[in-house]
Amino acid sequence: QVDLAESGGGSVQAGGSLRLSCAASGPTWKRHCMGWYRQFPGKEREGVATITSGNTAVYANSIKGRFTISQDSAQNYLYLQMNTLKPEDSGMYYCAARGGTDYCGPIRSDMDFWGKGTLVTISS
């Protein structure tokens, strides 16, 4: 069993920053690939950034240069540092994990485990 719990969402003004956290539990072999995904109202969920157990990170073009994904050495926590936030970044952000050792990237939607999400609201 893998449990994921996000925190750190909130409301900030455009140009501000937020740091999201995801507390992860369960066998690490079931979460070789971890990532952050987001969903806007009326839109499908999309990948933001992913990171492997070896700390290889991949970012979606929409946030490249503004967000940074990271994790602690024990893989107990996943983070997403979000800078220069824009109103279009507003939405529900989810922590996800996958056990496969094949390609790990935000284009993947077939993650095995998902958190409940944390809401991010950016005002202009």
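Which cysteine does Cys33 form a disulfide with, and how far apart are their sulfur atoms? The first view has the answer, and keep in mind while browsing that this is a predicted model.

**View 1. Cys33 and Cys104 form a disulfide.** Here the sulfur atoms of Cys33 and Cys104 sit 2.0 Å apart. Cys33 belongs to strand β4 (residues 33-39), while Cys104 is in the loop between β9 and β10 (113-114), so the bond ties together parts that are 71 residues apart in sequence. Because the torsion about the S-S bond is about 75 degrees, this disulfide is right-handed. Both Cys33 and Cys104 are buried.

View 2. The link of Cys22 and Cys95 is left-handed, with -75 degrees about the S-S bond. Is Cys22 buried or exposed? Cys22 counts as buried, because its relative accessibility is 0%. Cys95 is also at 0% and counts as buried.

**View 3. Putting the disulfides together, the count comes to two.** Count the bonded cysteines along the chain and the pattern reads 1-3, 2-4. As a reminder, a disulfide is a covalent bond between the sulfur atoms of two cysteines.

**View 4. Tyr37 and Trp114 make an edge-to-face pair.** The structure holds two aromatic pairs, and this is one of them. The ring centres of Tyr37 and Trp114 are 5.0 Å apart, and their planes meet at 70 degrees, so the pair counts as edge-to-face. Tyr37 is in strand β4 and Trp114 in strand β10, 77 residues apart, so to speak a link between distant parts of the chain. Tyr37 is at 2% relative accessibility and counts as buried, whereas Trp114, at 26%, is partly exposed.

View 5. Tyr77 is partly exposed, with a relative accessible area of 41%. Tyr79 has 17%, which means it is buried.

Note on methods. Residues are numbered from 1 along each chain as its sequence is written. This is a predicted model: local features need pLDDT of at least 70, side-chain atom pairs count only at pLDDT 80 or more; totals for chains, interfaces and linings use all residues. Side-chain values use heavy atoms; hydrogens and water are left out. A disulfide is a pair of cysteine sulfur atoms within 2.5 Å. Buried means under 20% relative accessible area, exposed over 50%, partly exposed in between (1.4 Å probe, protein chains only). Helices (H or I, at least four residues) and strands (E, at least two) are DSSP runs, numbered from the N terminus. Rings of Phe, Tyr and Trp (its six-membered ring) pair if their centres lie within 6.5 Å; planes under 30 degrees apart count as stacked, over 60 as edge-to-face and the rest as tilted.
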